[in-house]
Structures are given as C-alpha cells and as structure tokens.
Amino acid sequence: MDYAIQQGLNALAFGSEYALIALGLALVYSIMNLMNFAHGEIIACAGYSMYLAILIGIGSPWLVAPIAIAAGALVAVLFERIAFRPVRHAPTTTGLLTALGVSIVVQNLLTLLISPRPRAVPVFSELSRTIFIGPYAISLLQLLELAVVALAIGGLVLFLKHSTLGLAIRAATREFSTVRLMGIRANRVIATAFALSGLLAGIAAIFIIARRGSIDPTFGFQPVIKAFIACVIGGFGSLGGAVLGGMLLGFLDVAIIVLLPQEYGGLRDAIAYSIIAGLLVWRPEGLLTRRIELGDKEI
Amino acid sequence: MLSIDNVSKSFMGVRALRGVSFVGAADEILGLIGPNGAGKSTLVNAISGVLKPDSGSIRLGDVDLTGRGPEFAARQGVGRTFQNLRLFPSLTVRQNVEVGLITCRRHRPEVARSIDIDALLDRFGLAADAGRPAGTLPYGQQRRLELARAEALGAKLLLLDEPAAGMNDYETAALADQLRAIRRRSRCALLVIDHDLHFIMSVCDRICVLDMGEVVAIGTPELIRANPKVAEIYLGAAEAAPHQKNIREERQWN
C-alpha cells in the first residue's frame with residue numbers, strides 16, 4: 001500500500017511537471033497557432049539564470065527561485081519580440097521552423113558561452129529530503145511540486161477568468177482577428193501569453209533543477225517533447241487538455257516503470273508511445289477537443 | 001463624420017476599389033449596395049483598418065484612419081459586425097459584450113460609463129441567456145449578440161456586413177427597428193451592407209451603390225430606386241425591354 005501511494009505521488013509529481021510545461025505550450029498555441037519548440041530553451045535559460053545567480057553569490061533558494069521565474073518570463077517575451085513577431089502573419093510552418101531555429105541557436109549559444117558540459121546547481125538540494133506524514137515517507141520536493149503546480153494552474157485560471165487581459169486572451173484563443181477589431185492590441189495579448197508561458201517554464205525549471213541538481217544546454221529539450229505529447233493527448237489548443245494530458249502521461253510513465261520487468265526497461269518509451277498512438281487512433285483530435293464532423297469534406 | 005476620399009485598392013492587379021469617395025453624416029444610416037465583387041467588403045475592410053488602401057484617405061471626424069490598423073480604428077470608435085458571425089463561442093453572452101467594452105473603458109471612459117451591460121442585453125432580448133456560452137445560442141440570437149457587442153464598443157461608426165443574412169421577413173423588420181434604436185441611443189453613424197434591398201431601402205437615410213470598385217450612385221432610397229444606372233447593374237436592364245424592366249424593377253424593389 002505504501003508502495004502504491006509512493007508511486008502515485010511520483011506519478012502526480014511527474015504529471016504536474018509535464019502539465020506545467022504543456023500548459024505553457026498550449027497557451028501560446030491557442031492564440032498564435034505556434035508550436036513553440038523553443039519553449040525548452042526558455043526552461044534552459046531560466047535554469048542557467050539560477051546557475052549565474054549562484055555564480056555571482058546569490059545562494060538563497062528564496063532569491064534564486066524568483067530570479068528563475070522572472071528570467072523565464074523575460075526570455076519568453078524576448079523570443080516573441082525578436083523571433084516570432086516578424087513571422088506572425090507567415091504560414092504556420094514558418095512559425096514552427098522559426099521555433100526550431102531559435103531552439104538550435106540558443107542551445108549553441110549556451111554551449112559556446114557557458115559550457116557544453118553539465119554545471120552543478122545545488123541550490124535546491126534541501127528539497128530532496130524526505131518528510132514523514134503519518135506512516136508515509138514522502139519527498140519534500142514532490143509535495144512542494146504538487147502544491148506549487150496546483151497554485152500556478154489555479155492562479156492562471158483565476159487570471160484568465162477574472163481579469164480584463166485574461167478575458168481578452170480567452171477571446172483571442174478563438175477569434176484573434178476579431179479581438180483586434182475590438183481595439184485590443186494584438187501585441188499586448190500575445191506578449192502576455194508568452195510571459196505567462198515563460199512564468200510556467202521558469203517554475204518548471206526550478207523543479208527540474210531541484211531533481212537533477214545540474215544543468216546543460218539541452219536541459220529543456222526532453223521535457224518539452226513530453227509536454228508536446230501531453231498537448232497532443234489532451235487536444236491542441238485546449239488548456240484543460242494540456243493539464244489532463246500531462247497528468248495522464250505522468251501516470252503512464254510511472255505505471256510502465258513499475259509494471260515493466262527490469263530486463264525490458266529499454267522498451268519504456270516505445271510502450272508509452274504505442275499506448276498514446278492507440279489513444280490517438282481512438283480520439284485523433286485529443287481527449288478534450290470537440291470531435292468535428294467532417295462529412296463530405298473528408299474526401 | 002466618415003469621409004472617404006479617392007480610395008483605391010488592388011489585389012494582384014485586380015482593382016477592387018477605384019477612387020471611391022463619399023461622405024457620411026455623423027448620425028446617418030448609410031446603405032452600401034452593389035453586386036458580388038463590387039468592392040463593398042473591401043471598402044469596409046479598409047475603413048475598419050483590416051486592409052491598407054493603395055491610395056486615398058479615410059477619416060472619421062478629424063482622425064485619419066488610413067492604414068493605421070484595426071486596433072487603431074476600433075479605438076477611434078469604429079465598430080463592426082461580420083457577414084459570417086465572429087462571436088467568441090466559448091465565452092458567455094455577457095463576456096462577449098464585456099470584450100466589446102474593454103477598449104471603450106480604456107480609451108473613452110466617459111462613453112463606457114453610459115453603457116450598462118445588463119440593460120444592453122435586455123434590449124437585445126439576451127438577458128435570460130447572459131450566462132450561456134455564445135456558441136450554443138440559436139442563429140438569430142447570435143446575430144443579435146453580435147449587434148449588442150458592437151454597441152458595447154461605444155462606436156461612432158458601426159459597419160454592419162450583411163446583418164440581415166439568413167433572417168426571415170419578421171426578423172428583418174425587427175432588425176431594422178434595432179438599427180434605428182442603436183442610432184438613437186448611441187448617436188452613431190451606421191454603414192450597412194446587405195443584399196436585401198427592401199431592408200436597405202426601408203432602414204437607410206441614403207444609399208451608396210458600388211459597381212466594379214466605383215461609386216455609381218449615392219442618394220436617398222427614392223433617388224437610387226429611380227436611377228437607371230443602378231437598375232442596369234442589378235437587373236442587366238440594358239438588354240431588357242422597357243416594359244420588362246419596369247416589372248423586374250418592381251419585383252426587386254418591393
């Protein structure tokens with residue numbers, strides 16, 4: 001029983017991390033139709049901001065964490081201003097290629113300017129200790145991760161539902177050109193969406209660093225691939241779908257690790273992706289996107 | 001006051017607007033008619049800032065709107081509805097109207113203070129559905145919601161692109177009353193595009209006729225009705241015998 005609870009917590013922690021990153025991807029996608037593969041580099045830059053903060057002598061996690069979150073938001077807004085705004089009216093594929101280009105350029109810059117080798121960021125080592133709640137030994141990091149992700153998602157939902165800018169963003173996710181005709185500045189709506197996705201990436205960077213204890217230039221790549229899959233599962237453009245997809249992926253990852261005999265460990269990703277492929281055959285548009293009746297247009 | 005001065009626009013060599021000029025009064029309901037491809041939607045897109053004209057100028061009062069973009073036009077008081085409905089389907093009816101009010105609150109707070117969302121929804125018969133997602137409303141109510149949202153912009157000029165599309169005679173008559181009421185309440189000008197000539201004739205103070213991107217005629221409904229050029233454009237009257245022409249005109253206008 002203890003083991004099951006522990007694995008359940010693991011799954012929730014993984015899932016919430018995927019959900020956090022997927023939510024950032026979905027937020028930008030829902031407004032701009034842009035699959036921002038450079039989101040991983042926003043996470044990496046937030047991670048390196050922590051490394052640099054430690055280098056210049058800021059050692060307190062209470063200072064380093066806000067620096068990472070602010071750096072995530074700032075880098076996301078810079079990416080939008082420098083790379084994505086000029087191609088905003090170009091076809092979707094141009095945006096996708098731009099995102100991939102930004103990702104490669106930033107990875108190379110981090111390699112050249114800092115190091116291709118992993119750098120230790122031991123600022124959150126305290127979080128890896130175990131605490132006891134009744135008979136259960138629980139990792140402090142996992143608990144904190146769950147609480148912070150729940151708060152971040154709750155805060156985002158409150159912002160989107162109850163603020164004027166949030167209302168504008170929600171309107172823009174479905175009818176962007178109409179929102180502009182209502183006099184709402186496209187630049188402001190898009191920059192806010194990028195800043196929010198950057199904030200979420202910064203929070204994700206903190207927890208990935210806390211788990212790994214080090215950073216390298218490809219730091220954000222793998223989490224973004226997972227988050228991309230989470231978005232596909234939940235249905236692209238659906239914020240709720242991104243969270244649900246992330247959580248499902250977390251549970252799937254942990255279930256496969258737990259249930260798969262050790263000698264088949266190499267098949268972990270293959271099995272996970274096969275299950276996801278099966279899911280998409282059943283619901284090609286994802287779990288939370290409304291099924292569209294194509295009728296004769298299918299031909 | 002809307003002032004269109006010598007506006008031209010071409011697409012890949014096709015001249016959609018050729019030196020269009022006219023002036024609309026501040027509280028006038030001006031109809032814009034013409035056959036398909038006449039340039040009506042291009043002109044509305046140019047006024048609302050979606051398209052930048054190749055030449056000429058568009059002014060609303062003292063403000064030059066030419067090529068300044070849709071956000072600028074909306075902030076100056078240009079509101080718009082669409083031929084194909086463009087509501088925010090996942091937002092509630094009330095939130096759709098609130099989106100319309102955002103810009104007005106920021107740029108013309110004195111106008112925004114006079115707009116009461118509950119009263120507005122009530123006037124358009126939408127109060128009971130205020131909390132319902134807009135995408136779930138029947139078509140006629142969605143049309144009314146688009147009008148309510150446009151009124152919430154506190155516009156000085158409302159551009160209505162085929163507001164009567166898909167409506168029956170009863171609904172069209174009610175729409176005509178609503179447009180007059182919007183003009184009375186908001187003291188704004190309305191530029192109305194529609195193919196329903198009976199509706200246009202009944203609701204507009206003046207009518208501007210476009211054909212092949214040019215203004216063919218502009219004047220009161222009576223003048224337009226009597227204009228042989230307009231009849232020719234609409235009915236191909238050049239080939240028609242005079243007695244046939246009269247019959248077909250009657251059928252068209254009445």
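Biologist: Why is N6(B) called partly exposed?

Modeller: This is a predicted model, and in it N6(B) has a relative accessibility of 45%. A residue is buried under 20% and exposed over 50%, with partly exposed in between, so N6(B) at 45% counts as partly exposed.

Biologist: Where does N6(B) sit in chain B, and what makes its phi worth a remark?

Modeller: N6(B) lies in strand 1 of chain B, which covers residues 2–11. Its phi is positive, at about 55 degrees, although N6(B) is not a glycine. Most residues other than glycine have a negative phi.

Biologist: Why is M212(B) called exposed?

Modeller: The relative accessible area of M212(B) is 53%, and exposed means over 50%, so the label exposed applies to M212(B). M212(B) also has a positive phi, near 50 degrees, and it is a residue other than glycine. Its place is the loop that runs between strand 9 (206–211) and strand 10 (214–219) of chain B.

Biologist: How do you know which residues Y136(A) is in contact with, leaving aside its neighbours within four places in sequence?

Modeller: Contact means heavy atoms within 4.5 Å, and with those neighbours set aside Y136(A) is in contact with D2(A), I5(A) and I131(A). As for G278(A), which is 142 residues away from Y136(A) along the chain, the C-alpha atoms of the two are separated by 36 Å.

Biologist: How do you know whether the radius of gyration of chain A agrees with that of a compact globule?

Modeller: For 299 residues, a compact globule would have a radius of gyration near 19 Å, and chain A has 20 Å, so the value agrees. The C-alpha atoms of chain A fill a box of roughly 55 × 50 × 40 Å along the principal axes, and the secondary structure of the chain comes to eleven helices and four strands.

Biologist: How do you know where the model should not be read in detail?

Modeller: We look at pLDDT, the predictor's confidence in each residue, from 0 to 100. Where pLDDT is low, the predicted coordinates should not be read in detail. In chain A, pLDDT stays under 50 over residues 294–299, for which the model has zero contacts beyond four places in sequence. In chain B, pLDDT stays under 50 over residues 237–254, and there the model has 19 such contacts.

Biologist: What are the mean values for the two chains?

Modeller: Chain A averages a pLDDT of 89, with 96% of the residues scoring at least 70, while chain B has a mean of 87, with 92% of its residues at 70 or more. The model as a whole scores ipTM 0.79 and pTM 0.81.

Technical notes: Residues numbered from 1 in each chain as written. Chains lettered and ligands numbered in written order. Predicted model: local features only at pLDDT ≥ 70, side-chain atom pairs only at ≥ 80, totals over all residues. Heavy atoms only, no water. Helix = DSSP H or I, 4+ residues; strand = E, 2+ residues; numbered from the N terminus. Rg over C-alpha atoms; globule rule 2.2 N^0.38 Å. Buried < 20%, exposed > 50% of the residue type's maximum accessible area, 1.4 Å probe, protein only.
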